[in-house]
Amino acid sequence: MVSAVFHSPSEASDALRASQASQTPGKPGHQAMTPPTSTASPTPARPSPLASVDWAAWALKLLAPLAGIGLVVAIWGLLTMKGGNFPTPAATWEEAVKLFSDPFYRNGPNDQGLGWNILFSLQRVALGFGLAAVVGIPMGFLIGRSKVVGAMLNPLISLLRPVSPLAWLPIGLLVFKSADPAAIWTIFICSIWPMIINTAVGVQRVPEDYLNVAKVLNLSEWKIVTKILFPSVLPYMLTGVRLSVGTAWLVIVAAEMLTGGVGIGFWVWDEWNNLNVAHIIIAIIVIGVVGLLLENALVAVAKRFSFE
């Protein structure tokens, strides 16, 4: 026999409120049911090395120069299609392959490979340029530090600097009685002016506060030069060095054409006497490449020793 239990409405409502209170969080004695949460953070995806490369900058840096060179070669090829005294790009390339297959041959004092001629020219540039640095940089410091010395030498520098470097070649031949020292003298005299001027300007632009601190600390002139002036003047000095080496490489080619002997300038003139225009074009390209390498090397040195 089944018995049914009936509750009053008030008892039913009290039971419903008790059931809801047991499910409400924050009440003492009761714990809310919360879904479990994961504490492990998601692992970020590693960016691809290729995604961080600026392909547009690389294309502009590499493809644009190649396009320019290709345009020049194409125009050169179009202009020489019908023949003439000027060689075609293909003929010049064939001669270049022959020259660089053995650049260091020697068949006598006046018949040497292109490599030997470049090395002899670089040797003269190094000697003349080195002497100019030894004399010009200290003179620039002296002119920048002393107003009296600056007033004495600035007019002479302004007078002699615009003179063509080759105008000094006869003076060198007269004094040294030899072509090789005369060429080195010409490089020296044309390389010294940028070093003097840039070094002097750098010394004059050193902040006055630095020098006042040196006076307060009672530093010697040697310490002022080595600890204060040299780090501040170094960017200006390296700019003068870079300009000087470019001028020196430019001048040695012309000087060797006039003095003869062994060197890239004399080699170009000798090939002209043989009417070998292809070799002259190759020499022009080689001269440009060597000058570019010298300048880039000095730019790298300037960045390496920059105190900024």
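Trainee: Is Trp76 buried or exposed?
Mentor: Trp76 counts as buried, because its relative accessibility is 18% and the cut-off for buried is under 20%. Keep in mind that this is a predicted model.

Trainee: How many aromatic pairs are there?
Mentor: The count is four. In one of them, the ring centres of Trp76 and Phe86 are 6.4 Å apart and the planes are at 75°, so this pair is edge-to-face.

Trainee: What does that pair tie together?
Mentor: Parts that are ten residues apart in sequence. Trp76 is in helix H2, while Phe86 is in the loop between H2 and helix H3.

Trainee: And how exposed is Phe86?
Mentor: Partly exposed, because its relative accessible area is 46%.

Trainee: Which residues form a ring cluster?
Mentor: Trp168, Trp185 and Phe188, linked by ring pairs.

Trainee: What sits over the ring of Trp116?
Mentor: The charged end of Arg106, 4.1 Å from the ring centre.

Trainee: New topic: H9. How far apart are its end C-alpha atoms?
Mentor: Only 44 Å, although H9 has 39 residues. A straight helix would reach 57 Å.

Trainee: Where does H9 have a kink?
Mentor: At Phe230, shortly before the proline Pro231. The kink is about 55°. Just after H9 comes Gly260, with a positive phi of about 80°.

Trainee: Which residues does Ser244 contact, leaving aside neighbours within four places in sequence?
Mentor: Phe129, Ser191, Pro194 and Met195.

Conventions:
Residues numbered from 1 in each chain as written. Predicted model: local features only at pLDDT ≥ 70, side-chain atom pairs only at ≥ 80, totals over all residues. Heavy atoms only, no water. Contact = heavy atoms within 4.5 Å. Helix = DSSP H or I, 4+ residues; strand = E, 2+ residues; numbered from the N terminus. Expected span 1.5 Å × (residues − 1). Bend = angle between axes of the 7 residues up to and from the residue. Phe/Tyr/Trp six-rings, centres within 6.5 Å; stacked < 30°, edge-to-face > 60°. Buried < 20%, exposed > 50% of the residue type's maximum accessible area, 1.4 Å probe, protein only. Lys NZ or Arg CZ within 6 Å of the ring centre and 35° of its normal.
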